[in-house]
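Morning, everyone. Please bring up the model on your screens, and I will walk you through it.

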Amino acid sequence: MKVLFVCTGNTCRSPMAEGLFNDKAKAFGKDFEAKSAGVFAPEGFPASQEAIEVLKQDYNIDISNHRSKSLRRQDLEEADLILAMSNSHKQSILSKHPEYSNKVFTIKEFVGLEGEVEDPYGMPIEVYRETARELEDLISKIITKISQERKGKMVIALGADHGGYELKEAIKKYLDEKGIAYKDFGTFSTESVDYPDYALKVAEAVASHECSEGILVCGTGIGMSIAANKVPGIRAAHAEDVFSAKAAKEHNNANILCLGGRITGPGLAVMMVEEWLNATFQGGRHQRRIDKIAEIEKKYSK
């Protein structure tokens with residue numbers, strides 16, 4: 001999810017929003033990214049000193065490298081969501097690019113509030129501090145709304161070999177009952193097949209965001225987890241109990257759950273899947289550890 005924040009000069013409100021959004025999204029383990037631009041922005045100017053100081057002092061966020069950028073059509077095209085600080089910014093965008101009306105909102109409008117985020121330019125630093133607090137509150141609401149909408153569009157990638165076929169079918173029944181969408185990548189019988197083929201299909205679907213998360217089943221769940229974890233961006237967790245399944249999401253932000261068809265019965269498996277799907281990554285110290293895993297992956301992916 002790519003979010004674009006828009007203000008006038010891209011030196012106060014929108015760079016503050018960009019910094020706050022990216023910091024909060026990272027803390028919550030969300031694959032969201034924010035950028036910013038201005039409808040009348042000069043090119044290459046730093047953020048205002050007050051904006052830099054407030055974000056550094058109050059949130060430990062460094063936006064000192066920010067440089068102002070004039071809004072371009074390409075920015076609008078690349079963004080999934082465009083949030084303007086005021087209605088005049090929104091109208092300025094839509095007057096030139098009405099084709100993007102389905103994804104342009106004022107920042108308060110998007111979360112069901114009235115009003116605008118006032119420009120603190122030229123005001124004392126305490127006004128910037130108030131603006132930052134207002135933006136932080138709005139951004140928390142924005143991330144919650146995006147997450148809820150995405151959950152409503154959840155599509156689970158399913159895969160199994162012959163040893164996991166029957167358990168996969170039981171999980172499909174549960175997903176059907178809950179109205180959760182899925183895409184079944186096979187196998188479709190108990191005839192012998194090679195588990196890496198199905199692990200790869202599911203892992204690639206999750207890594208490319210074709211599907212939101214994945215569930216893989218083989219005889220033990222071990223082979224599937226080993227194979228899936230070879231795909232960059234995948235954190236496939238093998239679990240045999242409810243606590244492990246839930247912790248896999250809360251602590252490890254696992255995007256694929258691996259189960260053993262010859263180890264775990266369908267009743268327990270459904271409980272594990274339910275806990276895992278409903279769990280939320282806790283961020284904080286766990287994000288620091290996920291970042292270290294990503295660095296290891298990057299080191300050996302060259």
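Let me start with how elements are named: helices (H or I, at least four residues) and strands (E, at least two) are DSSP runs, numbered from the N terminus. Arg129, for example, lies in helix 6. Two notes on the source. This is a predicted model, where local features need pLDDT of at least 70 and side-chain atom pairs count only at pLDDT 80 or more, while totals for chains, interfaces and linings use all residues. Residues are numbered from 1 along each chain as its sequence is written, and side-chain values use heavy atoms, with hydrogens and water left out.

Now the overall picture. The protein has 12 helices and nine strands. Its C-alpha atoms fill a box of roughly 70 × 40 × 35 Å along the principal axes. There are 302 residues, and 48% of them are buried. Buried means under 20% relative accessible area, exposed means over 50%, and partly exposed is in between, with a 1.4 Å probe and protein chains only.

Next, contacts, meaning heavy atoms within 4.5 Å. Take those between residues at least 6 apart in sequence: 71% join residues at least 24 apart.

On to the cores. In soluble globular proteins, nonpolar side chains tend to be buried together. A nonpolar core here is a set of buried Ala, Val, Leu, Ile, Met, Phe, Trp, Tyr and Cys residues joined through side-chain atoms within 4.5 Å. The largest one has 34 residues. Which members touch the most others? Look at Phe5, Phe21, Ile107 and Ile142. Several elements give two or more residues to this core: strand 1 (2-7), helix 1 (13-27), helix 2 (49-59), strand 3 (81-84), helix 5 (107-110) and helix 6 (125-152). Helix 6 gives the most, with eight residues.

Let's zoom in on helix 2. Ala51, Ile52, Val54, Leu55 and Tyr59 are buried there. Just after the helix, Asn60 takes a positive phi of about 55°.

Back to Arg129 in helix 6. Is Arg129 buried or exposed? Arg129 is buried, because its relative accessible area is 13%. Leaving out residues up to four places away in sequence, Arg129 touches Val54, Gln57 and Asp58. With Gln57, there is a side-chain to side-chain polar contact at 3.0 Å. By polar contact I mean a pair of N or O atoms within 3.5 Å; within protein, one must be able to donate a hydrogen and the other to accept it, and residues adjacent in sequence count only if both atoms are side-chain atoms.

Now some backbone details in the loops. Asn10 sits between strand 1 and helix 1. Phi of Asn10 is near 60°, a positive value in a residue other than glycine. Asn10 is buried, with a relative accessible area of 0%. His209 lies in the loop between helix 8 and strand 7 (213-218). Phi of His209 is also positive, near 70°. But His209 counts as exposed, because its relative accessibility is 56%.

One last stop. Where is Thr187 found? Thr187 is in the loop between strand 6 (181-184) and helix 8 (195-207). The peptide bond from Gly186 to Thr187 is cis, with omega near 0°.
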